[in-house]
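Hi,

Here is the structure I promised to pass on. Have a look at it first, and then read on for what turned up.

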Amino acid sequence: MRRTRIALFALLVLCAASPAAASASPGRAAFALSSTAFADGGMIPKVHDCASSGDGDPEKKDESPPLAWSGAPEQAKSYAIVMHDLDNGIIHWVIYDIPATAAGLPQNVDHAYQPSVPAGSRQAYYRGSANFFGYQGPCTTNHTYEWAVHALNKESLTELDANSSTQAAETAIDAATIATASLRGNS
């Protein structure tokens, strides 16, 4: 019984010291990510599916969904978003150097290394079923996709450039992350 209490106490101390526990402070909303295009765990509209799937569906436009976040830590110096296909581990989108003053992204962020909105942001080059900078929507049905917004401790990820892979960008983002929030959708 005594060992059980000691183990339980140690577990509680570890949980209280974790970054996730530290990011949620009393009286403040939790860091959250949402979209007006779909609910967390809901179906992703076709307009956000990849246009390069080969099926010729004109409703698939490869437009990034509108995203909004709230409750981010005051210490955030910038933001980044990483989108994964959770069923096969592929990174579909990385956008970073999003200014700390931003609280979201509009629908259809430009497919460019330096998109026009948000000013100053940069995107990794997607190498997959299509080759371009920016968002690559779901190309496979019956998969779960996750968008994660990262609050970063740096204004800019200067170690990244137009030749950086999505994996290198994700590594740099993970190293600078102080808090995250996520949103999932299904294709």
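What is the mean pLDDT of the protein, and what share of its residues reach 70 or more? This is a predicted model, with a mean pLDDT of 85 and 81% of residues at 70 or more. Please take care with residues 1-28, where pLDDT stays under 50. For that stretch the model has seven contacts beyond four places in sequence. Where pLDDT is low, the predicted coordinates should not be read in detail.

Now for the aromatic rings. With ring centres within 6.5 Å taken as a pair, the count comes to five aromatic pairs. In one of them, Trp93 and Tyr135 have ring centres 5.3 Å apart and planes at 90°, so this pair is edge-to-face. Trp93 sits in strand E5 (residues 91-99), while Tyr135 is in the loop between strand E9 (131-133) and strand E10 (144-152), so the pair ties together parts 42 residues apart in sequence. Trp93 and Tyr135 are both buried.

Another pair to look at is Tyr113 with Phe133, which is tilted: the centres are 5.5 Å apart, with 50° between the planes. Tyr113 belongs to the loop between strand E6 (104-105) and strand E7 (122-123), and Phe133 to strand E9, so here the parts tied together are 20 residues apart in sequence. Tyr113 and Phe133 are buried too. Ring pairs also bring in Tyr125, giving a cluster of Tyr113, Tyr125 and Phe133.

Happy browsing!

Best wishes

How values were computed:
Residues numbered from 1 in each chain as written. Predicted model: local features only at pLDDT ≥ 70, side-chain atom pairs only at ≥ 80, totals over all residues. Heavy atoms only, no water. Phe/Tyr/Trp six-rings, centres within 6.5 Å; stacked < 30°, edge-to-face > 60°. Helix = DSSP H or I, 4+ residues; strand = E, 2+ residues; numbered from the N terminus. Buried < 20%, exposed > 50% of the residue type's maximum accessible area, 1.4 Å probe, protein only. pLDDT = per-residue confidence, 0-100. Contact = heavy atoms within 4.5 Å.
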